[in-house]
Amino acid sequence: MDANNITVSFATAEHVKHAERVCQLIYESALQRGTGIARRSPEYISAKMTGGKSVVAMDGDKLVGFSYIECWEHGDFVATSGLIVDPDYRNLGLASKIKEKTFQLARLRFPYAKIFSITTSLPVMKLNTRMGYKPVTFSELTTDEEFWRGCEGCVNFDILQRNNRRLCICTGMLFDPGTQPVDDAQEQQQQVNKMAESVKHRIARLLHIK
Ligand SMILES: CC(C)(COP(=O)(O)OP(=O)(O)OC[C@H]1O[C@@H](n2cnc3c(N)ncnc32)[C@H](O)[C@@H]1OP(=O)(O)O)[C@@H](O)C(=O)NCCC(=O)NCCS
């Protein structure tokens with residue numbers, strides 16, 4: 001297959017028909033690796049697609065990759081999770097593109113949030129590091145109970161529980177926007193301002209306000 005034909009974009013409602021496939025890819029990969037990726041239901045994945053919180057890689061009408069974001073503690077933290085690439089499409093640089101797009105989505109939607117991910121995957125650690133994430137202990141991540149409940153579907157959940165949630169097999173990685181160079185922060189802020197302007201414009205048009 002030709003990697004140039006694959007598009008990586010923010011998911012929308014039109015991708016909901018592929019939610020089942022995402023779950024299947026995640027499940028098969030978890031079985032194969034023997035280490036966890038928390039299982040997710042098709043309903044959960046669909047909600048990420050319709051809610052503007054996920055990224056899809058498509059080869060024509062075939063879904064070949066996915067990742068999503070979720071915010072915690074009222075937007076203080078945002079997690080990038082569930083990265084998966086179809087086994088037939090690996091080592092083409094697709095995870096790298098999906099990660100970048102997911103990071104972009106997180107920065108656009110939650111510009112002031114700390115972005116984090118927990119992972120056992122070497123490729124993911126590599127990609128996170130390139131984007132400015134640093135390895136941290138779990139004490140630096142969100143304390144939101146709901147986030148950690150998401151680990152219940154992982155085969156290693158007993159390890160997390162046994163250690164009072166202080167550590168597990170995953171490495172925590174954190175991007176703190178407060179420690180980023182000013183240029184980057186300014187650029188992100190400009191994009192956010194642009195989005196806010198565009199939303200205001202659309203609302204004004206809908207309400208017929210001149
Ligand atoms: C991990 C995964 C997403 C990587 O997808 P991919 O599209 O093959 O990755 P890429 O081609 O973009 O490669 C990204 C980097 O990781 C490296 N990499 C990819 N697979 C690797 C492996 N098995 N071991 C070590 N490095 C690997 C690549 O060489 C590349 O590094 P480089 O840019 O320095 O050359 C994919 O293997 C997958 O879906 N695995 C199962 C699910 C999973 O582990 N998800 C992460 C859960 S946190």
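Asn156 sits in the loop that links helix H5 (145-149) to helix H6 (157-162). It's a handy place to start in this predicted model. Is Asn156 buried, exposed or partly exposed? With 16 C-beta neighbours inside 10 Å, Asn156 counts as partly exposed, because a residue needs 20 or more to be called buried and 12 or fewer to be called exposed. Its C-alpha is 7.4 Å from that of Ile169, a residue 13 places away along the chain.

| C-alpha pair | Separation along the chain | C-alpha distance |
|---|---|---|
| Asn156 and Ile169 | 13 residues | 7.4 Å |

H1 covers residues 19-33, so to speak 15 residues in all, and its first and last C-alpha atoms are 21 Å apart, close to the 21 Å expected at 1.5 Å a residue. Ala19, Val22, Cys23, Leu25 and Ile26 are its buried residues. Looking down the axis of H1, you'd find them within an arc of 160°, so they line one face of the helix. The other side of H1 has Gln24, Leu31 and Gln32 exposed. What do the buried residues of H1 pack against? Their partners are helix H2 (42-50), strand E3 (62-72) and E4. For Val22 itself, setting aside neighbours within four places in sequence, the contacts are Ile45, Leu63, Phe66 and Ile84. After H1 comes Gly34, with a positive phi near 75°.

Val22 also turns up in the largest nonpolar core, which has 41 residues. Val22, Val78, Ile84, Ala106, Ile115 and Phe116 are the ones with the most contacts inside that core. Take Ile115: beyond its neighbours within four places in sequence, it touches Val78, Thr80, Phe103, Ala106 and Phe175.

Helix H4 (122-130) is the other helix to look at. Its buried residues are Val124, Leu127 and Asn128. Viewed down the axis of H4, these fall within an arc of 100°, so they line one face of the helix. They pack against E4, H3, strand E5 (114-119) and strand E7 (171-175). On the face turned away from that buried side you'll see Leu122, Lys126, Thr129 and Arg130, which are exposed. Just past H4, Gly132 has a positive phi of about 105°.

How many residues surround it? There are 19, and Arg90, Ala95, Ser96, Thr119 and Pro123 are the closest. By type, the shell splits into 11 nonpolar, 6 polar and 2 charged residues. Strand E4 (77-85), helix H3 (94-109) and helix H4 each supply at least two residues of this shell. Which of the elements gives the most? H4 does, with 5 residues.

How values were computed. Residues numbered from 1 in each chain as written. Predicted model: local features only at pLDDT ≥ 70, side-chain atom pairs only at ≥ 80, totals over all residues. Near = placed C-beta within 6 Å. Helix = DSSP H or I, 4+ residues; strand = E, 2+ residues; numbered from the N terminus. Nonpolar A, V, L, I, M, F, W, Y, C, P; charged D, E, K, R; others polar. Arc of directions from axis to C-beta. Contact = placed C-beta atoms within 7 Å. Core = buried A, V, L, I, M, F, W, Y, C linked by C-beta atoms within 7 Å. Expected span 1.5 Å × (residues − 1).
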